[in-house]
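My entries follow in the order I made them.

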Amino acid sequence: MRFPEDVNDDVIKRLRRLEGQIRGVQRMVEEGQDCRDVITQLSACKAALDRVGYRLVVSGMRYCATEPDAVESGDAIDVEELERLFLKLS
């Protein structure tokens with residue numbers, strides 16, 4: 001089962017924003033910016049990436065584990081698999 005369009009759109013938007021943040025960190029390193037500033041921005045990137053992963057796991061719980069279409073088609077993700085996916089993010 002695929003994620004609904006609104007989830008896909010949100011995740012793509014977040015990833016594009018994150019891509020810009022990563023490019024900003026690259027530029028900071030190339031320009032020799034203060035290491036504290038670089039680490040702070042890198043930390044923000046990591047947090048943003050974590051939020052993307054959590055958004056997908058929550059959507060998985062909401063849509064891939066409970067939607068009747070997913071259950072009927074056999075595409076549903078069981079609770080143990082969702083737990084494994086969630087723990088991969090930590």
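**Entry 1: surface and fold**

I began with the surface: the protein chain exposes about 6,600 Å², and carbon and sulfur atoms supply 54% of it. Accessible areas here come from the Shrake-Rupley method with a 1.4 Å probe, and for residues only the protein chains shown count as cover.

I noted the ground rules next. This is a predicted model, where local features need pLDDT of at least 70 and side-chain atom pairs count only at pLDDT 80 or more, while totals for chains, interfaces and linings use all residues. Residues are numbered from 1 along each chain as its sequence is written, and side-chain values use heavy atoms, with hydrogens and water left out.

I looked up the secondary structure. The protein chain has four helices and zero strands. From the N terminus the order reads α-α-α-α. Helices (H or I, at least four residues) and strands (E, at least two) are DSSP runs, numbered from the N terminus.

I then checked contacts, meaning heavy atoms within 4.5 Å. Of the contacts in the protein chain with a separation of 6 or more, 63% join residues 24 or more positions apart.

I asked how much of the chain is buried. Buried residues make up 21% of the 90 residues. The cut-offs are under 20% relative accessible area for buried, over 50% for exposed and partly exposed in between (1.4 Å probe, protein chains only).

Which residues of α1 are buried? I listed Val 7, Asp 10, Val 11, Leu 18, Gly 24, Val 25 and Met 28.

The 26 residues of α1 should span 38 Å, and the end C-alpha atoms are 37 Å apart, which agrees. Just after α1, Gly 32 takes a positive phi of about 70°.

**Entry 2: salt bridges**

I searched the whole structure and found six salt bridges. The criterion is a side-chain nitrogen of Lys or Arg within 4 Å of a carboxyl oxygen of Asp or Glu.

Glu 19 pairs with Arg 23, with 3.1 Å between the closest N and O atoms. Both sit in helix α1 (residues 5–30), four residues apart, about one turn of the helix. Glu 19 is partly exposed at 40% relative accessibility. Arg 23 is also partly exposed, at 49%.

Asp 50 and Lys 46 form a salt bridge at 3.9 Å, N to O. They are four residues apart in helix α2 (residues 35–64), about one helical turn. Asp 50 is partly exposed at 22%, whereas Lys 46 is exposed at 58%.

Arg 84 bridges to Glu 81 with the closest N and O atoms 2.7 Å apart. Both lie in helix α4 (residues 79–88), three residues apart. Arg 84 is partly exposed at 46%, and Glu 81 is partly exposed at 29%.

An α-helix has 3.6 residues a turn, so residues three or four places apart point the same way.

Which residues are linked in a network of salt bridges? I found Asp 10, Arg 14 and Arg 55. Asp 10 is also on my list of buried α1 residues.

**Entry 3: Ser 59**

I followed Arg 55 further. Its backbone oxygen lies 2.9 Å from a polar atom of the side chain of Ser 59. Ser 59 is in helix α2. Is Ser 59 buried or exposed? Ser 59 counts as buried, at 0% relative accessibility.

Notes:
The expected span of a helix is 1.5 Å times one less than its number of residues. A polar contact is a pair of N or O atoms within 3.5 Å; within protein, one must be able to donate a hydrogen and the other to accept it, and residues adjacent in sequence count only if both atoms are side-chain atoms.
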